[in-house]
Amino acid sequence: MKNTFKCLFLFVLASFSAMAQQKITLEEIWGGAFRTQGMTALEAMKNTNQYTVLNFDRATKSSQIDLYDFATLEKVATLIDSKNFKELEGVDSYKFSKDEKKILIANHTDHIFRHSFVADYFIYDIASKSLTKLADFKVQEPTFSPDGSKIGYVYQNNLYVYDLAAKKHTQITTDGKKNAIINGVTDWVYEEEFAFVRAFDWNAASDKIGFIRFDESQVPEFSMDMYLQGLYPTQNVFKYPKAGDKNALVSLHVYDVKSATTKKINLDKYNDFYIARIEWTNDANTLSAQILNRHQDNLDLLFVDGNSGATRVVLNEKDKAYIAVTDNLTFLKDNSFIWTSEKDGFNHIYHYDKNGKLKKQVTTGKWEVTSYYGFDEKNGTIFFQSTENGSINRDVYSIKLNGSSKTRLTAQTGTNSATFSPNFQYFINAYSSAKNAPKYTLNEAKSGKLIKTIVSNEALETKLAKYDLPSKEFMEITTVKGHKLNTWMIKPKDFDATKKYPVLMYQYSGPGSQQVNNDWSNSDDYWFMMLAQQGYIVACVDGRGTGFKGADFQKCTQKELGKFELEDQVDAAKVFGSYAYVDKSRIGIFGWSYGGFMAANCIFQGADVFKTAIAVAPVTSWRNYDTIYTERYMQTPQENASGYDNNSPITHVSKLKGNLLVVHGTGDDNVHVQNTMKMVEALVQANKQFDLMLYPDKNHGIYGGKTRLQLYTKMTNFLKEKL
């Protein structure tokens with residue numbers, strides 16, 4: 001009996017040990033085994049103290065837009081269930097009319113580029129529970145007028161208005177043509193780099209529409225062969241302005257709904273410029289527009305008279321490097337406005353009167369405002385998110401419009417983001433950290449006091465406990481040149497300081513980016529943990545040029561993208577190589593997009609430091625990339641040829657000593673596969689051996705079906721063999 005007990009004990013102990021050491025697999029990572037629970041399409045209502053969430057019933061395969069009460073978190077109603085409307089076949093996305101009595105519902109979405117899409121749209125009347133199709137064709141960006149009587153939308157590059165009562169479609173523009181003229185939505189480069197698609201806006205009185213027209217007829221075309229759609233390849237041809245080439249000619253227009261006339265706004269004093277944002281102010285006759293010069297170091301905030309078309313500059317900003325376009329422009333009742341700017345060296349909130357005179361810099365300090373949530377007019381309070389609690393963290397704060405009474409509303413260190421109730425009485429806080437899975441809680445807006453947990457991921461945390469995964473260790477390293485850089489490191493769980501480990505460095509490194517941040521794991525993080533379970537150390541360093549540490553740190557790379565970023569990754573690798581437990585002869589680097597550009601540069605120019613590199617979808621010369629992004633940091637190739645060429649991986653291929661894997665999707669509309677092809681040819685002519693993997697028709701994200709699993713299997717095997 002004694003021996004039986006002993007055997008049983010040893011069996012249980014062995015079983016527990018095996019369970020505790022359960023290995024994570026790529027199939028689990030890319031099969032969704034570690035997917036978190038959240039609140040899909042969470043949207044605060046504007047007129048009632050409620051919010052909506054888009055839910056999906058797997059049993060009936062139907063979508064529901066559910067309405068909840070902020071105060072109680074109880075579900076008030078299901079506004080619509082797709083199973084009750086045969087023609088709906090699910091809900092992809094939705095948006096409310098201003099009075100929140102009608103909903104525009106999208107389904108059968110067909111994506112165009114990263115943000116843009118066409119879809120079938122339905123108008124749902126909540127009171128009558130009636131569903132009406134907007135049009136018999138798929139449209140872009142339908143938007144209710146503020147009075148709810150009309151909908152503006154774009155179809156085949158032309159702007160239309162639909163009158164709900166008359167059930168009448170009115171075509172506003174007639175010159176829209178693919179690869180030539182676009183009205184009311186943006187071209188490829190605006191969408192990608194200014195991050196907006198809808199380029200029209202209703203005024204408060206619902207009788208005028210401001211819109212941008214793009215004439216891209218002189219913009220060079222780019223073509224991509226698509227291989228998998230038939231017996232013969234087809235070509236996807238679109239306008240893509242590369243650095244130094246012609247941009248679309250943009251113009252600003254105001255359409256008068258009552259008179260059915262369109263007025264072109266005179267912007268002749270500007271040359272080769274961008275209209276980065278348009279938005280009507282609270283004055284129904286005043287349209288605002290943010291005008292940037294091509295170098296993006298001068299911005300004018302224009303106020304445009306909707307009747308006369310007269311313009312005036314109410315605010316001007318200049319920067320020695322570039323100006324980040326703000327999405328935080330908020331007009332108050334008196335038409336004074338809130339604005340965010342980096343002009344004192346850190347991104348902060350400013351309050352200007354209606355004529356553009358500065359009333360108050362609301363926030364100050366050597367930290368960044370990272371999100372602006374809104375202004376509670378009743379209590380004179382602004383709500384925002386910032387890095388005041390450390391550049392890798394995010395917290396929610398409140399502050400009075402006069403800059404007083406700043407209050408931290410979130411208690412847990414990590415990443416906090418808020419969705420506020422319409423009356424600013426409550427907010428739903430989404431919190432996570434590197435150690436804590438996402439949790440959604442209801443909090444009081446005045447004090448931040450926790451009221452109730454809405455969604456947690458305790459089941460996932462319990463599941464992950466079985467894997468006994470290694471954790472991220474955050475630190476700050478100092479390079480030999482004295483630069484202090486945010487870093488995280490993942491070591492094997494059974495780490496032994498007397499052993500020598502290979503190191504894989506991961507980075508992105510692009511301007512204003514951040515990879516060393518204190519939030520929950522994404523799929524890459526699980527891959528890094530899997531590698532750590534297999535005996536690797538994985539580390540990430542945010543070098544100079546990355547964000548959230550002030551303008552000087554971020555903008556020092558101006559005109560020389562890749563130079564200082566490369567220095568910092570090489571110097572960081574040398575720091576790691578000096579650790580007793582690191583095998584400095586086995587240091588590798590991995591990156592995607594800008595990170596791929598960096599990984600290639602590191603294996604070439606850091607040939608004595610890096611043994612192995614994986615470059616996914618890399619930019620290999622900034623001459624190949626688009627105008628808006630590239631020229632923001634580099635000016636044009638005509639002005640800065642050495643900046644483009646000295647830091648191009650293609651220039652340095654002859655220095656390759658180690659192992660290089662290059663990966664690209666042939667259908668990448670963003671970083672064209674041409675980048676990889678040009679570098680491949682340079683490597684071939686330098687007689688350098690390397691590995692190459694192409695994914696037919698896959699875009700910049702390289703996904704779909706088993707694609708990610710196959711890619712990460714290939715990269716894992718490459719590291720096992722080469723690192």
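Is Ser509 buried or exposed? Ser509 is buried, with a relative accessible area of 4%. The model is a predicted one. Its protein chain holds twelve helices and 43 strands. The radius of gyration is 27 Å, close to the 27 Å that the globule rule gives for 723 residues, so the chain is as compact as a globular protein of that length.

**Overall build**

- The C-alpha trace of the protein chain spans about 90 × 70 × 65 Å along its principal axes.
- Of the 723 residues, 57% count as buried.
- Take the contacts between residues at least 6 apart in sequence: 56% of them join residues at least 24 apart.

**Surface and charge**

- The protein chain exposes about 30,900 Å².
- Carbon and sulfur atoms supply 49% of that area.
- The chain carries 85 positive and 82 negative charges.

- Strand β5 covers residues 93–96, and its side chains alternate.
- Tyr94 and Phe96 point to one face of β5 and are buried.
- β5 pairs with strand β6 (residues 102–111) in the antiparallel sense, over four bridges.
- Within this pairing, Lys95 stands opposite Leu104 in β6.
- The two strands form a hairpin with five residues between them.
- In that hairpin, Glu100 takes a positive phi near 60°.

- Most residues other than glycine have a negative phi.
- Ser206 is not a glycine, yet has a positive phi of about 60°.
- Ser206 lies in the loop between β14 (200–202) and β15 (208–215).
- At 5% relative accessibility, Ser206 counts as buried, because buried means under 20% relative accessible area.
- Ser509 is not a glycine either, and has a positive phi of about 80°.
- Ser509 sits in the loop between β38 (501–506) and α5 (523–533).
- With its relative accessible area of 4%, Ser509 falls under the 20% cut-off and so is buried.

How values were computed
Residues numbered from 1 in each chain as written. Heavy atoms only, no water. Rg over C-alpha atoms; globule rule 2.2 N^0.38 Å. Buried < 20%, exposed > 50% of the residue type's maximum accessible area, 1.4 Å probe, protein only. Contact = heavy atoms within 4.5 Å. Areas by Shrake-Rupley, 256 points an atom, 1.4 Å probe, with all protein chains shown as cover. Lys, Arg positive; Asp, Glu negative; His and termini not counted. Charge placed at Lys NZ, Arg CZ, Asp CG, Glu CD. Pairing = 2+ DSSP bridges.
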